[in-house]
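Please keep the sequence and the structure in view while reading.

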Amino acid sequence: MKLIIKNIIIDALEKAYQAKLLPSSSFTKITIEEPKIESHGDFSTNIAMTMASIQKMAPKKIAEAILSSIDDPDNIIKDTQIAGPGFINFFINTKAWYPSLAKIFREDLKFGSENIGKGKKVQIEFVSANPTGPLHVGHGRGAAVGDAVARILSFAGYNVKKEYYVNDSGRQIKTLGTSVFLRYKSILGMDDPFPDDCYQGEYIIDIAKNIYNDKKDALLKTDEKSAVFYCSKIAAKDILTGIKKDLNSFDVIFDNWFSEQSLFDSGMVEKTIKKFKEQKIIYEKDGALWFKTTDFGDEKDRVVIRGNGITTYFASDIAYHQEKFLRGYDEVIDVWGADHHGYIQRIKASIEASGTDRKKFHVILIQLVNLLRNGKQIAMSTRSGQFISLKDVIDEVGKDAARFIFLSRHYDSPLDFDLEIAKKKTNDNPVYYVQYVHARISSILRKAEESNPVDFSAFDNNISELLLNEIEEIRLIKALSFYPDTVKISALQKEPHKITFYLMNLASLFHSYYNKHKVLTDNHAIMQSRLYLITAVLKTIRNGLNLLGISAPEAM
RNA sequence: GCGCCUGUAGCUCAGCUGGAUAGAGCAACGGACUUCUAAUCCGUAGGCCGGGGGUUCGAAUCCCUCCAGGCGUACCA
């Protein structure tokens, strides 16, 4: 519809110029927007104002020239007006909206998808929590956002792969092994002191118990180093299994689990360092190897191999990102917690150093989550083991509510997640507000089917047979017709919350309509039309919720 | 100190990359269930968009500056 209006204006501009109503043939970019206020029409354009200096005419004169040159053979425009400083407002004929409903039926599950991705290969890496403990709410936010972005991009025609980077190498894995081994020893009656920097959580003890059940005291008979190594392997695997399970119950499924250790095993880390050495962007200082990230906009150089010969986490991360682009992705997205923002520059540096355009790499920084109960903050710390895990949250409030809350805010702003609010079934907690629309419509359709089979075939051939004239109906159709645009913007900006807000708005329009007008009426023609409309709403709500990974229940 | 993010109604947040009279939900107040699900709806009230400058026809939105909060600033991850 927007496009139609735009084309009408383009034609009018051309015609006005031919008729010498406008002195210049150079026109500025035409933007069409939907005014916030209904009395300003369905669409408006500021073209007359932006062209004022080029045409050397007053905006209102330009607007008049355009309007007098408009052709509208399909009778789409009901009325126009020139308002304010020179806006041109368009009012659309009711029947002109109907085809956008037909589109929803035609495209059904694909409605809203515009293929802006054109098959572009995109990788999105998210969560990637260290396998040293269960996922917490912060990871949950990353999971919800990453997964929703992946769903939206796929829907918009990108070829998306979801990846989880497993930090199964390095110091903290060793710490994990040590923690488990100490607990294991304590089961065997050897109570060595348990250091503060070891993982304190209950789950460590559970893992130690499992190892004891399996091996009894066998580990004491090997040397301590291999015993710790064994414990770390078992523990990491065990915890990772738990993480996978939790993500599964959160409806987050990864295409690939990428092991950090594999970068060492394949020689990728070594190879990358060697390559950068040859490029002379890695140098030695104070016994360590430094990467000259300052050459690429970072504020200081960074160590890749420490004085003790051990590589830093950054070294494997460089190799990892090299590896990602070697796999042929056109775009790589990382979802990180905001506390990692200092890391962006150096990763970008490494990408640019290898000749890849840094614009192909995009970081979504997610702000912190504060977990609350009744407005009171719940203290959280992985190390101390005093925390509520993502699983606890899902168990308590449900997957749908949790996901919706995570996605109901721009990821740029910190999020207060209140467990008590998340359980409420009122407007405090809009997930049910949106789902309720789906359930309500499903219920009406069931009831309609009882007396008469619902049959929309009459509208397939002639959409103008629809009888939808109520203002609430037009508002709904308008909102529905904006859904593809919403998806598009959400995909381009990688901002899932736009979908969330769209759905809340659509839900609000529907609930208002529902309360004011009855769908199942004695007038058969009106009833069929309204069933058609609400079915379109149902499909759109279902599609939108699906992009967020939230279910659309048929009854509540 | 430097860097990133944030500052919009009492509270929690939107605001479509510059548009017209800044919007929702909650909380407050007043209404609507013998009705297709009241997990809903309708109405009232509530604002120097952190402050100050600029850019232009036009700024919550862009630029500068100041103030406040969060995070980061390791040969940790």
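The sections below treat the model, the RNA surface and the nonpolar cores.

## The model

This is a predicted model, in which local features need pLDDT of at least 70, side-chain atom pairs count only at pLDDT 80 or more, and totals for chains, interfaces and linings use all residues. Residues are numbered from 1 along each chain as its sequence is written, chains are lettered from A and ligands numbered from 1 in the order in which they are written, and side-chain values use heavy atoms, with hydrogens and water left out.

## The surface near RNA strand B

RNA strand B is surrounded by 61 residues, a residue being near the strand if one of its heavy atoms lies within 4 Å of it. The closest are Gln 172, Arg 306, His 341, Tyr 433 and Tyr 436. Of the RNA atoms within 4 Å of the protein, 67% belong to sugar and phosphate.

Phosphate oxygens of RNA strand B lie 2.4 Å from a side-chain N or O atom of Arg 440 and 2.4 Å from one of Ser 443. For His 410, a backbone N or O atom is 2.8 Å from a phosphate oxygen. Helix α17 (430-451) gives the largest share of this surface, 8 residues.

## The nonpolar cores

A nonpolar core is a set of buried (under 20% relative accessible area, 1.4 Å probe, protein chains only) Ala, Val, Leu, Ile, Met, Phe, Trp, Tyr and Cys residues joined through side-chain atoms within 4.5 Å. The largest has 143 residues, and Leu 101, Tyr 164 and Phe 417 have the most contacts inside it. Helix α22 (residues 524-548) supplies its largest share, 12 residues. Apart from this core lies another, of 32 residues, including Val 304 and Leu 365.

Helices are DSSP runs of H or I with at least four residues, numbered from the N terminus.

Definitions and conventions:
A polar contact is a pair of N or O atoms within 3.5 Å; within protein, one must be able to donate a hydrogen and the other to accept it, and residues adjacent in sequence count only if both atoms are side-chain atoms. Helices (H or I, at least four residues) and strands (E, at least two) are DSSP runs, numbered from the N terminus. Buried means under 20% relative accessible area, exposed over 50%, partly exposed in between (1.4 Å probe, protein chains only).
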